[in-house]
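Here are a few notes to read with the model open beside you. Start with the picture, then work through the points in order.

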Amino acid sequence: MLRTGLTGGIGAGKSTVATRLVERGAVLVDSDVIAREVVEPGTAGLAAIVEAFGRDVLDADGRLDRPALAAVVFADAGARRTLDGIVHPLVRARSDEIVAAAPADAIVVQDIPLLVEGGMAPAFPLVVVVGVDAEERVRRLVSARGMSEQDARARIAAQADDEQRRAVADVWLDNSGEPDDTRRRVDALWDGRLAGFEENLRTGRPAADGPPLLVEHDPDWAAQAHRLAERVAVAAGGPGRGVEHVGSTAVPGLPARDVLDLQLAVESPADAGTVTDALVAAGFPVDPAAPEETTGTVRVHRSADPGRAAVVAVRVHGSPAWRQAIELRDRLRADPTARAGYAAHKRAAAERHADDPDSHNYRACTAEWRSDPNG
């Protein structure tokens, strides 16, 4: 099963994307729909809201009067927190029930409008953000929903901005064009990434990264690694002692394969075993072909996501392998001569293994430079 978080600002058109994903076979968990279900007449949710805000938030039929409730909480942060404290746990519980009932080979899409605001992104192996320019969203809200321009801008301003959404987005899905264009983008996402990601997770198979192909340093690697590091840290929970971005992609100016290297520190080899299942669920199966190491690397995981190659080495905190990864990164960042020497060695290794589909041989070759004190 692949759990995917879907979000986007008001007026971005998440429903268009969600509808197409369902047409392709996704199991949709719609937080807005569930939020209405858990406050229907006779529910514990509605009773709690009435207790907190009074019967003035009910209509003549005893149902929740949403405009009346919105008038109370929209301008009062404390009232909004009270409401969130009632509704959000109920929505989470019902969402968990739907996810648990999904087939083992499902691609579950959880449509969560406030995923960014709620800090929920690291809990998903993949996050898709539907993006549309704010001015276009204002136009849509005014023309399609009948809002005043002032109300539309206020609603947009009350949510996360595009910079915050981009920071958590594994996929930024542009929905600024025609609906058919958006559907084609969703199809490309399904066929090129989601379906393969789900199959890899279900079979416990990392995504193939193929022969080594070096590219110039990408300034976006740091942000991408930070996003994955947060995901790994949340999955590891208490046994985790921190996640570091290491390897060539962590060194500005150094050519590298487009593969992010992360290092998860744990207190002991036993702790590495306790985080294995959580890392797999987060999208990082165990790499069965990784060579055994005895210097502190307990286990190696690799991403199952065909769209974002990554390696997570689980290492004992303070071990030689843990120290070497950090020291090498910091040395290459600080020493242009060492950086140039390592770059030359990497290029030679990439040329030597250009036709080798097993990336472990290339990695072993580059490790020869790292283990040479004169390298």
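1. Leaving aside its neighbours within four places in sequence, which residues is Asp-111 in contact with? The list is Leu-6, Lys-14, Ala-18, Leu-28, Val-29, Asp-30 and Ser-31. Keep in mind that this is a predicted model.

2. Asp-111 belongs to strand β3, which covers residues 107-111.

3. Now over to a helix pair. α14 (residues 336-352) packs with α15 (residues 359-370) at an angle of about 150°, and the two axes are 9 Å apart. That makes the pair roughly antiparallel, because angles over 145 degrees are classed that way. The crossing of α14 and α15 is right-handed.

4. Who makes that contact? On the α14 side you'll find Ala-338, Gly-341, Tyr-342, His-345, Lys-346, Ala-349, Ala-350 and Arg-352. From α15 come Tyr-362, Cys-365, Thr-366, Glu-368, Trp-369 and Arg-370. By type, the residues of this contact split into 7 nonpolar, 3 polar and 4 charged.

5. A bit more on α14 itself. With 17 residues, α14 spans 24 Å from first C-alpha to last, close to the 24 Å expected. Its buried residues are Ala-338, Arg-339, Tyr-342, Ala-343, His-345, Lys-346, Ala-349 and Ala-350. Those buried residues pack against α13 (320-334) as well as α15.

Notes:
Residues are numbered from 1 along each chain as its sequence is written. This is a predicted model: local features need pLDDT of at least 70, side-chain atom pairs count only at pLDDT 80 or more; totals for chains, interfaces and linings use all residues. Side-chain values use heavy atoms; hydrogens and water are left out. Axes are lines fitted to C-alpha atoms, for helices over the stretch in contact, and angles run from 0 to 180 degrees between N-to-C directions. Helices (H or I, at least four residues) and strands (E, at least two) are DSSP runs, numbered from the N terminus. Angles under 35 degrees count as roughly parallel, over 145 as roughly antiparallel, 65 to 115 as roughly perpendicular and the rest as oblique. A crossing is left-handed if the near helix is turned anticlockwise from the far one by less than a right angle, and right-handed if clockwise. Contact means heavy atoms within 4.5 Å. Ala, Val, Leu, Ile, Met, Phe, Trp, Tyr, Cys and Pro count as nonpolar, Asp, Glu, Lys and Arg as charged, and the others, Gly among them, as polar. The expected span of a helix is 1.5 Å times one less than its number of residues. Buried means under 20% relative accessible area, exposed over 50%, partly exposed in between (1.4 Å probe, protein chains only).
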